[in-house]
Amino acid sequence: MSQFSSTHLRHALKSLNKDHSTNVTAVIIDDSIFKLEATLIGQVNTPYEGGVFKMSIHFPCDYPNIPPKVCFKTKIFHPNISERGAIYLRVLKSTYWHSMPIIWLFKAIVEKLIEPELDDEDQVDKNLANLYKTDRAGFEEMAREMTNQYARRAN
């Protein structure tokens with residue numbers, strides 16, 4: 001990985017931790033700037049409100065030309081996040097990726113939590129998307145229950 005990428009990541013990490021609009025903070029793990037653990041606090045007035053969600057971020061050797069791998073470590077009930085924590089976000093796919101500040105990436109993740117993408121079949125858990133479309137209150141109740149079970153500060 002180039003020195004430019006390391007410097008770029010360190011600066012981006014500092015900016016992310018100073019900007020509170022995303023409710024995301026990130027720390028370096030394993031003494032490597034290329035492996036981060038981020039914490040996202042669930043947005044107010046959403047079923048994820050107050051939840052503390054951990055994510056892992058792995059930057060490839062060719063970053064920023066290739067997207068990072070971002071995965072939820074905390075279980076979350078959402079149509080754009082798999083059972084294993086993979087995030088279905090178009091900008092994280094190599095074919096759609098364009099170099100962007102890390103803070104924009106996390107803003108896109110937060111936006112996706114607030115307003116899921118339900119129409120792209122490759123990007124959605126069909127059962128959860130159907131529940132969201134047909135029984136929004138039921139979906140939100142399940143999301144709140146899972147947030148309380150898996151993402152409370154004590155977990």
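## Terms and model

A polar contact is a pair of N or O atoms within 3.5 Å; within protein, one must be able to donate a hydrogen and the other to accept it, and residues adjacent in sequence count only if both atoms are side-chain atoms. This is a predicted model: local features need pLDDT of at least 70, side-chain atom pairs count only at pLDDT 80 or more, and totals for chains, interfaces and linings use all residues. Residues are numbered from 1 along each chain as its sequence is written, and side-chain values use heavy atoms, leaving out hydrogens and water.

## Overall fold

The protein has 4 helices and 4 strands (DSSP runs numbered from the N terminus: helices are H or I, at least four residues; strands are E, at least two). Their order is α-β-β-β-β-α-α-α. Of the 155 residues, 45% are buried (under 20% relative accessible area; exposed is over 50%, partly exposed in between; 1.4 Å probe, protein chains only).

## Nonpolar core

The largest nonpolar core holds 34 residues (buried Ala, Val, Leu, Ile, Met, Phe, Trp, Tyr and Cys joined through side-chain atoms within 4.5 Å). Met55, Val70, Phe72, Ile87 and Ile109 touch the most other members. Elements giving two or more residues include strand E3 (52-58) and helix H2 (102-114). H2 gives the most, with 6 residues.

## Helix H3

H3 buries Leu128, Ala129 and Tyr132. These fall within an arc of 100° seen down the axis, so they line one face (the arc uses directions from the helix axis to the C-beta atoms). The face turned away carries exposed Asn127 and Thr134.

Asp125 caps the N-terminal end of H3. One of its side-chain oxygens lies 3.0 Å from the backbone nitrogen of Asn127.
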